[in-house]
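This briefing concerns a predicted model of a protein chain. Please consult the sequence and the structure alongside the points below.

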Amino acid sequence: MAVSNELQQTTTQNMDETESSCPKCVFDRLPPEMIRFIFRKQSTDDLLQASATTDRLYRVAQHHMYASEGALLVRGGQDTAATVTRTYDVRNVTSLYLVDVYDFDRDVPRQLRWNDERSDDGERSDGDGDDDDVDDGCGDSERSDSESGGGRTSALEVLHVGYGRDVQYANLPADGLRRLLSGVRARRVCFSNVVMTADDVADAVTAMLEARDDVDGPNGNDDDDGSDDGDDESDDGGDGGDDDDYDRRPPVLRCSHDRADDRKVVDLMEAVERTCAGLLSEFRVTIRRPSPRAYAVYPVSRCGSAADWDDAANAADAVAAETPEDLLALTAADCSGLGPTAYKRLGLACRRLRRLTMKAARQVDDDGFAAVAGMPSLQHLHVEGMSNVTSDGLLSGLVSANGLQSLGLADCPYVTDDVLRRIGEMRQLRSLRLDLTDCDKTTAAGVTDMLSGCERLRELDLTLPLDAGYVAAAASAGRLDGLREFRLTFERLSFQDHLDDQPADADWQRSLAAGFADHVEFSVRQTFTRITVTVD
């Protein structure tokens, strides 16, 4: 047992090393049973990395993933659809991992594609294959049955496409990749070391949605085999409604990289939020080295197991499942499905979180906002729609937000002058975005007091009701020496009392702009109040 523990430690230490430094000779001398024991507690990523060292380790990892997780591992250049279907019963596969695969039509078994009725005779070629040293326990009759059937009628848990080094998404065979993404139904699609732009993400999402659209075709009534709708693991059992739930839920797309530029990743996340809003339930990017970190966007409210976030009993497990500990940036573009307890658990689960954006956060309460704003590593907080957080809750949360460098609040009706003065006391703020058009408890004096304290502001975005007092308050920002960008929006017809105090100067916009230095990028515009009419 001591030897096994020593070997396991050696394996873990060498996962991140190059192929030349991996102790191949140690593993090659061990029987497959011992190697499987060493790998038993390794993550899937560790197994994928270990499988790249030697051919024998690839075969052992392939068998281990199939036997323990029902996952099929296919490495380009070492396997094709014909060889894996002779060795493994494709009917038992719950996840598909493609590593260094470029010919998707040749290497992906047709039985895994959605209702693919094409003949598989071309895949069942003669030959002994390379798998004589791996016994998977599948009988010949089982393999014959799996090869003779049509396409798969239930969704895979994971479809993974990965490469040993960075590969541009645009350089992959476009037609084959699109047929893969549109033909293989999966609850979660993962790309590893595939460099993507926002347009690439949109292309992949379009193909993934085609897999769901096919369900409505003539053969779209699928008979589920009991696969679970969980995110990371599959359980035995289930009911026939799981695939129906899969069809209703927008797809999940995750990307991982050995190394990547954090700034480019954040820009990509922001672009995906704009271009794929409502099309994805989750988009996540994970960077493995030199230290693990992750970024996530949730464009819709009920994503993955987050459907249970509004249930206090399940909130802890749901947040833990959806938010990894190494998460640095999280954008929830629609928080309407998150209950109050979820926000408290979020503060405990993501201790390293630096950037948080929450929209339509209608169910967060005072305690939830205090928990979120008080996260120890948080530097950027932007929240919209906090209709249930009182002025006391806002004050309490902002008092604990000592490390914030940027703050954004919109559609928060309980912002008061005291809250504005507290924001002015946050001397470390570099960026501030406030929308006060729905806040009838604020005054121009509160805005002036706030701006007098924000001495280090470089970016300012204010939306205010249009009246003479607020125009004068906005002009006080000209005294901020560090200000470099000021976007000012005045909303007309906000409240009746503001209509009686309009600016007397007909050319007030020009006069306002003249009060700022040349190095300040200043813009002012006017909008009209949004009016919503509900008919019962």
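Which residue in S13 is the bridge partner of leucine 434? The partner is leucine 462.

**Strand S13 and its neighbours**
- Strand S12 (residues 431-435) runs parallel to S13 and is joined to it by 5 bridges.
- Between S12 and S13 the chain passes through helix H18 (residues 444-453), in a right-handed β-α-β crossover.
- S13 also pairs in the parallel sense with strand S14 (residues 485-492), over 7 bridges; here threonine 463 has threonine 489 of S14 as its bridge partner.
- A right-handed β-α-β unit is formed by S13, helix H19 (residues 468-475) and S14.

**Helix H14**
- In helix H14 (residues 340-349), the buried residues are Ala342, Tyr343, Leu346 and Gly347.
- These buried residues line one face of H14, because they fall within an arc of 140° when seen down the helix axis.

**The chain as a whole**
- The secondary structure comprises 21 helices and 15 strands.
- Of the 536 residues, 51% are buried.
- Of the contacts between residues at least 6 apart in sequence, 75% join residues at least 24 apart.

**Confidence**
- The average pLDDT of the chain is 77, and 71% of the residues score at least 70.
- pLDDT remains under 50 over residues 1-25 and over residues 302-321.
- Where pLDDT is low, the predicted coordinates should not be read in detail.

Conventions
Residues numbered from 1 in each chain as written. Predicted model: local features only at pLDDT ≥ 70, side-chain atom pairs only at ≥ 80, totals over all residues. Heavy atoms only, no water. Buried < 20%, exposed > 50% of the residue type's maximum accessible area, 1.4 Å probe, protein only. Helix = DSSP H or I, 4+ residues; strand = E, 2+ residues; numbered from the N terminus. Arc of directions from axis to C-beta. Contact = heavy atoms within 4.5 Å. pLDDT = per-residue confidence, 0-100. Pairing = 2+ DSSP bridges. Right-handed = clockwise from strand over helix to strand, strands pointing away.
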